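This report concerns the surroundings of a ligand and the packing of several helices. The sequence and structure are shown first.

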Amino acid sequence: MTGRSRVLVLGASGFVGRAVCARLATCGIAVRAMTRDSVKARPLQVLPALEIFSGSPHDDDALARALDGVDAAVNLVGILHQSRRVPFEKIHVELPRRIARACRAAGVMRLVHMSALNASAGGPSEYLRSRGRGEVALREEGGGLAVTVFRPSVIFGEDDSFLNLFAALVRPLPVVPLAGARTRFQPVWVEDVARAVASSLDDARSFGQSYDLCGPGTYTLADIVRFVAGLQGRRRRILPLPAWAGLAQAFVLEYLPGPVMTRDNLASMKMDSVCACPFPEFLGIAPAAMEAIVPGYLASAGPRGRYSGYRRGVGR
Ligand SMILES: NC(=O)c1ccc[n+]([C@@H]2O[C@H](COP(=O)([O-])OP(=O)(O)OC[C@H]3O[C@@H](n4cnc5c(N)ncnc54)[C@H](OP(=O)(O)O)[C@@H]3O)[C@@H](O)[C@H]2O)c1
């Protein structure tokens with residue numbers, strides 16, 4: 001599929017990173033997985049020709065060493081919540097700029113960058129604005145590099161933190177007070193995102209391009225929560241919160257460990273997370289719908305799934 005023989009993946013230990021590394025390995029590409037935490041990256045070690053590179057991408061020397069001898073880099077580093085110590089600007093703007101600079105210095109002329117749908121310097125949240133500034137930084141710093149930017153809607157898959165979070169939240173609640181209930185999403189499967197990254201690596205049509213990535217179905221957040229509850233054999237009433245109550249809820253949740261939700265996350269939901277165009281045609285991928293994939297991992301968490309787990313346990 002591709003002529004790249006060795007690829008550096010930054011953010012390899014994350015949800016998307018694990019899928020991207022597996023897809024690249026399937027394509028016969030040697031992967032160098034850069035991580036600050038090699039323990040977190042341990043599950044990747046089962047992949048053939050995968051090398052774990054321990055180091056921080058914020059360390060210029062480590063970044064230069066990680067880029068030594070690779071043909072391309074894939075940047076999947078991102079955060080959903082900022083802190084005083086780790087602001088969005090550092091992760092979404094300064095880091096892509098430094099990665100692009102380091103790539104040029106190392107002669108690694110191919111870079112794939114994961115941004116987010118609705119990223120724009122004028123976006124409604126600091127998350128989306130920083131993502132937009134990051135894309136601008138890449139254009140400024142990426143002169144001479146063949147850069148491809150992917151901008152996915154929310155991504156689902158077995159280890160996602162989106163559907164799994166709602167599955168955990170709805171379990172104890174007969175009525176779900178939901179902020180942003182009417183915001184629309186087009187969730188995209190992590191394997192389709194990983195295939196998009198792998199297929200684009202060597203495809204010159206994607207050089208210098210940005211692509212929005214969405215799945216085939218459009219759902220409001222309320223639809224998604226009902227879907228997740230239904231898979232667990234539960235019926236839940238959704239109570240859409242007015243803007244002021246949503247803000248108050250996010251304000252409280254923001255102080256919980258995690259955090260589960262912040263006012264900035266809520267601000268991102270002022271815009272629908274839907275694509276204006278279908279999945280990029282040149283990739284030759286028909287993206288999977290949630291209904292085809294999610295029951296395979298979430299339904300097993302519900303009562304019915306637990307019973308089939310027991311049945312499997314006793315050999316039935
Ligand atoms: N998941 C989604 O629904 C979704 C939707 C749209 C866009 N995206 C974007 O897709 C990319 C991958 O997302 P994901 O869901 O895989 O995220 P994830 O599971 O949270 O993984 C993010 C990776 O970023 C690295 N990272 C986190 N904080 C860092 C820091 N302070 N300094 C350096 N590295 C740091 C981590 O690497 P180590 O800890 O191993 O160093 C981690 O492996 C991100 O850019 C994300 O914003 C995701």
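The model is predicted: local features need pLDDT of at least 70, side-chain atom pairs count only at pLDDT 80 or more, and totals for chains, interfaces and linings use all residues. Residues are numbered from 1 along each chain as its sequence is written.

**Ligand shell.** There are 24 residues around the ligand, and Gly11, Ser13, Gly14, Thr35 and Gly78 come nearest; a residue is near a molecule if its C-beta atom, placed from the backbone, lies within 6 Å of it. The shell comprises 15 nonpolar, 6 polar and 3 charged residues. Here Ala, Val, Leu, Ile, Met, Phe, Trp, Tyr, Cys and Pro count as nonpolar, Asp, Glu, Lys and Arg as charged, and the others, Gly among them, as polar. Helix H1 (residues 15-26) gives the most to this shell, with 3 residues. Helices (H or I, at least four residues) and strands (E, at least two) are DSSP runs, numbered from the N terminus.

**Helix pairs.** Two packed helices are described by the angle between their axes and the distance between the axes. Axes are lines fitted to C-alpha atoms, for helices over the stretch in contact, and angles run from 0 to 180 degrees between N-to-C directions.

| Helix pair | Axes come within | Crossing angle |
|---|---|---|
| H2 (residues 60-67) and H3 (residues 88-106) | 10 Å | roughly 50° |
| H1 and H6 (residues 190-200) | 8 Å | roughly 55° |

H1 is therefore oblique to H6; angles under 35 degrees count as roughly parallel, over 145 as roughly antiparallel, 65 to 115 as roughly perpendicular and the rest as oblique. On the H1 side the contact involves Phe15, Val16, Ala19, Val20, Arg23 and Leu24, and on the H6 side Val190, Glu191, Val193, Ala194, Arg195, Val197 and Ala198. These contact residues divide into 10 nonpolar, no polar and 3 charged.

H2 and H3 are likewise oblique to each other. Asp60, Leu63, Ala64 and Leu67 of H2 meet Arg98, Ala102, Cys103, Ala105 and Ala106 of H3, where two residues are in contact if their C-beta atoms, placed from the backbone, lie within 7 Å. Of these residues, 7 are nonpolar, none polar and 2 charged.

**Helix H7.** In H7 (residues 221-231), Leu221, Ile224, Val225, Arg226, Val228, Ala229 and Leu231 are buried (20 or more other C-beta atoms within 10 Å of the residue's own, all placed from the backbone). Their cover includes helix H5 (163-170), strand S8 (175-178), strand S13 (237-240) and helix H11 (295-298). Just after H7, glycine 233 takes a positive phi of about 75°.

Technical notes:
Buried ≥ 20, exposed ≤ 12 C-beta atoms within 10 Å, placed from the backbone.
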